[in-house]
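Have a look at the picture before reading on.

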Amino acid sequence: MNTVNNDRGVWSSKLGFILAGAGSAVGLGNIWRFPTVAGEFGGAAFVVVYLVAVALICLAVMIAELSLGRNTQRNPVGVYKTLAPGTAWKYLGILGVITGWGISSFYSVIAGWTFGYIFKTAAGTFSNLSPDEIAQAFSNFISNPVAAIGLHAVFMTFTMLILFGGVKAGIEKWSKILMPLLLVILVLLVVRSVTLPGAEKGLSFYLKPNWGNLTGKGIVAAVGQAFFSLSLGMGTMITYGSYLSKQDNLISSAAWVGFLDTGIALMAGFAIMPAIFAFGLDPQAGAGLIFVVLPNMFNEIFLGTVFGTGFFVLLSVAAVTSLISIVEVPAAYFIDEWKLSRKKAVLIAGLGAFLAGIPAALNGNFLNWMNVIFGQYSLIIGSLGVSVFVGWNWGVANVNAEIAEGNPKFRGQRIYGFAIRFLAPIAVAALLVGLILFPDAF
Ligand code: TRP
């Protein structure tokens, strides 16, 4: 039998898990990607599809991941070695570990840009520039290899320093500090944005569904975004679940993480949409929305430098609590399966992700490819695999027994069984087909 490595950890409380889980879920996906894709695909109608996907499919997959982790107290590879020994399921775990490297590599590069923009904005770099010059400044900045690799290195170093502290004194402690900070900054930005003269047009675009705006591609984008935002499909939630205690209620823990993640994504929309419309900017600006469109707005508003700097602090904070959860997956694998110390495991996971990120830091096309391979296809295959494994292999009886550990009053066994056996796998398989049909959906 494998002995458990003492360098694995546990959360100190359910709240500790909820904040760490929300820290993972709330990231660049919420603050950057959600408003960007919601703007691109028609505003409110997109948002409705997103909410339905979270409630009907994603939560079921999250509960499945948390159950697998808590039941085995292992990383994603260890989960399948324990529950389906000697089978090919372990490759699903290995895919998760590799995906952790793949995503963390380019995620850290983008996080590095946001970190750089804190200082650029604070220094007033953009204040005298025209919109075209701001766009040019962004492309110069990201194509400067020293800046891109340097900031990627800085960001990965922060991540590793937090992870060296371990589950309680690292991940949980920093999530407890950074998540409230994130909420405070976000609320200030929302208040600023919705009180701008002309904000109403943005609010109605964001709140009044115009179903004519919704396309098949928009639906694929909304569902894909929901899975990415909830950190599903590579074993982050398996790994975080493996640090949960048997007394914790998996249903309410998952519901809290889903609620906080969704609430913060919606708030990010309230911070951005009204501002875009108030300044007559283009909600369909795509990926440049944050780095190009917003600096123009910060130039126009009172105390814009302060709000602008705050905005990029917000993005960096959101990114670091997510990046730790991505790098933690390979780290947990090395701790459990290779019996390495936490320090060595984090060093290998973090340095590996840093090196893998260098090509993405140097070349935007490469970054996009990494996102397509790891941020889309691998994650969708991962979510499909987890749903099929839990629904059909480990089985509904086992997952319901795991749920009952911390929640003996749970009465939704049949509904959950249906969701994880049928709804989730069918919806994720449809998402895979959708992504093949609309490769550039999200
Ligand atoms: N959910 C995070 C975001 O919205 C990113 C993230 C963290 C993630 N861990 C993950 C995405 C695991 C997919 C899988 O930015």
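Helices are DSSP runs of H or I with at least four residues, strands are runs of E with at least two, and both are numbered from the N terminus. The expected span of a helix is 1.5 Å times one less than its number of residues.

This is a predicted model, where local features need pLDDT of at least 70, side-chain atom pairs count only at pLDDT 80 or more, and totals for chains, interfaces and linings use all residues. Residues are numbered from 1 along each chain as its sequence is written, and side-chain values use heavy atoms, leaving out hydrogens and water.

Let's start with helix 7. Its 20 residues, 145–164, reach 28 Å from the first C-alpha to the last, close to the 28 Å expected. Buried here means under 20% relative accessible area with a 1.4 Å probe, counting protein chains only. The buried residues of helix 7 include H152, F155 and M156. Which helices are included in what covers them? Here they are:

| Covering helix | Residues |
|---|---|
| Helix 5 | 90–122 |
| Helix 6 | 131–142 |
| Helix 8 | 166–194 |
| Helix 14 | 304–337 |
| Helix 15 | 342–362 |

Now for the whole chain. There are 17 helices and zero strands, and 59% of the 442 residues are buried. The C-alpha atoms fill a box of roughly 65 × 45 × 40 Å along the principal axes. A contact means heavy atoms within 4.5 Å. Among contacts between residues at least 6 apart in sequence, 85% join residues at least 24 apart.

Terms used: Buried means under 20% relative accessible area, exposed over 50%, partly exposed in between (1.4 Å probe, protein chains only).
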